[in-house]
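Please take a moment to look over the structure shown here before reading on. The paragraphs that follow lead through it one region at a time.

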Amino acid sequence: MMFRGIIKYVAFFGVLVGIAIITRVLEQVVEKASPKAPKTNENDDQLVRRDLTNTDSPSSPLKNTAQAKLEITVEQPKTGEKKIVKKLSLKTIVYAVTPTYARFLQKAELTRLSQTLKHVKDFHWIVVEDSYQKTPLVTRFLANSGLNYTHLNIRTPVELRPLKNKPRWTKARGVEQRNIAIKWLRDNININKTNGVVYFADDDNTYDIRLFEEMRDIKKIGVWPVAFTGAARYAGPLCKDGRVVGFYTNWRPSRTFPLDMAAFAINVKRLIVDKPKAHFDADAKPGDLENSFLEQVGTREDLEARASNCSKVYNN
């Protein structure tokens, strides 16, 4: 009986390994099929990394100056007569930054995410491809999405890509893509005409639309718990009376900000005016990308509790 059990275990393990190998092969096939820039010399990748000029957008940033009319009753000081005065106030735009790369499930995951984002009001989607050129697949997908979007692309340099036969987590992913999106925001957003928050929404996660409403009134850095991260059912901040008093995490709790990429959003003014040099560090150790970024943006005292005092989970 024990011998049969061992055989079953080995067979099951072999199936899992086989599935992993097939998935990896398919990803490599898709990546090889994606457009690549012709290489003229060995420094091409370094040139691509430094060139952040490819930021053309089909969506004008002027569309993001969303305004709402407010009716305010004002009493005249002399006559006592009450008069309704109409004023314009700026709505808060949610800017979601989504890095994406060519793979077997790319379109399926972008489709799932876009169906959620369609229900979010006052929203702008910044999709950044890890590619030398904008691919036809993503270009067509965004054009048919019905969303207000900006389509960017930049290829991850060779030295920042995971080595073959190595897990993807050995290298920080989406660094160049998030940085070029931040640059687009700084180059295109008029902070005097736009209120907004920036959220880094990966395409392989799921989101409850209530999360986007939670982040609209963030003044500095809003935080909340996230499910299925760091080998735990959930992880994130521990909050009391709207303030962060600690963190629950299984992964390096000694970090200043032990948070997942999906567990925070930042007021756009914070990135453009207050911290104009904040960026994602390509040299950050695995698992430390979010922490190194947030250390540039603020302190623990700047964190604002969301999701009912960090008691609810809206995404993973």
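Which residue does the UniProt annotation "active site" cover? In the unreviewed entry, that annotation covers Glu290; UniProt positions are given in the numbering used here, feature names are shortened, and such annotations may be inferred rather than shown by experiment. This is a predicted model, in which local features need pLDDT of at least 70 and side-chain atom pairs count only at pLDDT 80 or more, whereas totals for chains, interfaces and linings use all residues. Residues are numbered from 1 along each chain as its sequence is written, and side-chain values use heavy atoms, with hydrogens and water left out.

Glu290 is found in helix 8, residues 289-297 (helices are DSSP runs of H or I with at least four residues, strands are runs of E with at least two, and both are numbered from the N terminus). Glu290 counts as buried because its relative accessibility is 13%, where buried means under 20% relative accessible area, exposed over 50% and partly exposed in between, with a 1.4 Å probe and protein chains only. Leaving aside residues up to four places away in sequence, Glu290 touches Leu259, Asp260, Met261 and Phe264, a contact being heavy atoms within 4.5 Å.

The largest nonpolar core has 70 residues, and those with the most contacts inside it are Trp125, Tyr199, Met215 and Phe293; the largest share of this core, 6 residues, comes from helix 5, residues 175-188. Such a core is a set of buried Ala, Val, Leu, Ile, Met, Phe, Trp, Tyr and Cys residues joined through side-chain atoms within 4.5 Å. When residues up to four places away in sequence are not counted, the residues that Trp125 touches include Ala96, Leu110, Phe141 and Tyr149.

Asp122, which is found in the loop between helix 3 (106-117) and strand 4 (123-129), has a positive phi of about 50° although it is not a glycine. Asn309, placed in helix 9, residues 307-310, is likewise not a glycine, and its phi is positive at about 60°. Asp122 is partly exposed, with a relative accessible area of 23%, and Asn309 is also partly exposed, with 31%.

Elsewhere, 3 strands form an open sheet in the order 8-9-10 with antiparallel pairing, two strands being paired if DSSP finds at least two bridges between them. Its edge strands, each pairing on one side only, are strand 8 (226-229) and strand 10 (243-248). Strand 8 and strand 9 (residues 232-240) pair over 3 bridges, and Val226 has Ala235 in strand 9 as its bridge partner.
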